[in-house]
Amino acid sequence: MIGQRDTVNGAHFGFTDRWGGVSAVPYEELNLGGAVGDDPGAVTANRELAAKSLGVEAARVVWMNQVHGADVAVVDGPWGEGPVPLVDAVVTAERGLPLAVLTADCVPVLLADPVAGVTAAAHAGRPGLVAGVVPAAVRAMAELGADPARIVARTGPAVCGRCYEVPERMRAEVAAAEPEAYAETGWGTPAVDVCAGVHAQLERLGVCDRARSPVCTLESKDHFSYRRDRTTGRLAGYVWLD
C-alpha cells in the first residue's frame, strides 16, 4: 500500500507500491492512474484506499493530467468541474491539502517548506527533467513565500540509471541540459539517470534536505514499471502539511 512514508516538521510524504488494491491483471493491485485503461471504479476504490491509509480525504487530493512538460499550476483546493489541467507540477499554500503525482518509472518529486506552509508535487521524466519542471516548481513555491534553503525534498521509486537504456544521441541531449543525468547501464550501454539529474537541479537551487528512494521500478516487482510491462498501473506520491 504505502511503501515509503516520511514526516519532517509537519510535512508528510508518502509513496505507494502496487499492493493492497482492487485492480485486476495487468493493473494489479493498487493502480492509481485513471488514464491507463483500468476500470474507473477500481481506480476510485484504490484512491480511497490509499487516502485512508495516509489519513487524508480522497476527495481533496489534487491530481494532475501529466504530459511530460514543465507547466505548473498553483491551487488552493481540489479541481472543480471540468477537465483536469495539463500540468506536470502543482503547488499550494493551503495546509492540509494533499497533492499527488503519478508515475511508473518517472521520478515523483515531493517538496515542502513547513515554515512558509507551501508544498509541491512534480512529475519528472526525461522530457520534464530537460524542460526544467522541478526548477519551475521551486520558483512557483518561492513566489508563495517558500525559501529553497527550508524546502524538504523527497523523490520516490523510479527507474534507475543502471536500467534506463537510451540511444547515445538521447543521452547526449539530456546531458547537455543536465550533466549529472549522464549514465551507463549495468551492461555498458548509454543510459540516463533522471533522479540524479533532479537532485542536481535541486542542489543548485539551494535545496539541501533531500532524500531519494533506493527502489528501481524496473527491477522491483512490487512497483509498476512502464518500461518493463508497457500495459501497467501507476504509483502515486503524496505530499501535504499539517
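**View 1. Helix α4 and what it packs against.** The buried residues of α4 pack against α2 (126–131), β9 (182–184) and β10 (190–192). This is a predicted model, so to speak of local features pLDDT must be at least 70, side-chain atom pairs count only at pLDDT 80 or more, and totals for chains, interfaces and linings use all residues. Residues are numbered from 1 along each chain as its sequence is written, and side-chain values use heavy atoms, with hydrogens and water left out. Helix α4 itself covers residues 168–177, and its buried residues are Arg 171, Val 174 and Ala 175. They sit on the same side of α4 because they cover an arc of only 100 degrees around the axis (the arc is that of the directions from the helix axis to the C-beta atoms). Look to the other side of α4 and you find Arg 169 and Ala 176, both exposed. Here buried means under 20% relative accessible area, exposed over 50%, and partly exposed in between, with a 1.4 Å probe and protein chains only. Helices (H or I, at least four residues) and strands (E, at least two) are DSSP runs, numbered from the N terminus.

**View 2. Helix α3 against helix α5.** Here α3 (residues 133–143) packs on α5 (residues 194–204) at an angle of about 35 degrees, and the two axes are 9 Å apart. Axes are lines fitted to C-alpha atoms, for helices over the stretch in contact, and angles run from 0 to 180 degrees between N-to-C directions. On the α3 side the contact is made by Val 134, Pro 135 and Val 138, and on the α5 side by Val 198, Gln 201 and Leu 202 (contact means heavy atoms within 4.5 Å). Sort those residues by type and you get five nonpolar, one polar and no charged. Ala, Val, Leu, Ile, Met, Phe, Trp, Tyr, Cys and Pro count as nonpolar, Asp, Glu, Lys and Arg as charged, and the others, Gly among them, as polar.

**View 3. Helix α5 from end to end.** This helix is mostly covered, with nine of its 11 residues buried. The buried run takes in Val 194, Cys 195, Ala 196, Gly 197, Val 198, His 199, Ala 200, Gln 201 and Leu 202. At the start of α5, have a look at Asp 193: a side-chain oxygen of this residue comes to within 3.3 Å of the backbone nitrogen of Cys 195. After α5 comes Gly 206, with a positive phi near 95 degrees.

View 4. Pro 26 is found in the loop that runs between β2 (11–16) and α1 (40–54).

View 5. His 68 is not a glycine, yet its phi is positive, about 65 degrees. You'll find His 68 in the loop between α1 and β3 (72–75), where it counts as partly exposed at 38% relative accessibility. Arg 230, also not a glycine, has a positive phi of about 65 degrees. Its place is the loop between α6 (226–229) and β12 (235–241).

**View 6. Thr 217 and its surroundings.** Thr 217 belongs to the loop between β11 (209–212) and α6. At 0% relative accessibility, Thr 217 counts as buried. A polar atom of the Thr 217 side chain lies 3.0 Å from the backbone nitrogen of Val 159. A polar contact is a pair of N or O atoms within 3.5 Å; within protein, one must be able to donate a hydrogen and the other to accept it, and residues adjacent in sequence count only if both atoms are side-chain atoms. Setting aside residues up to four places away in sequence, Thr 217 touches Asp 105, Pro 157, Ala 158, Val 159, His 223, Phe 224, Ser 225, Arg 228 and Leu 235.

**View 7. Pro 85 in its loop.** Pro 85 is found between β3 and β4 (89–92) and is partly exposed, with a relative accessible area of 28%.

**View 8. Val 239 in strand β12.** Val 239 lies in β12 and is buried, its relative accessible area being 0%. Neighbours within four places in sequence aside, its contacts include His 12, Phe 13, Leu 97, Pro 98, Leu 110 and Thr 119.
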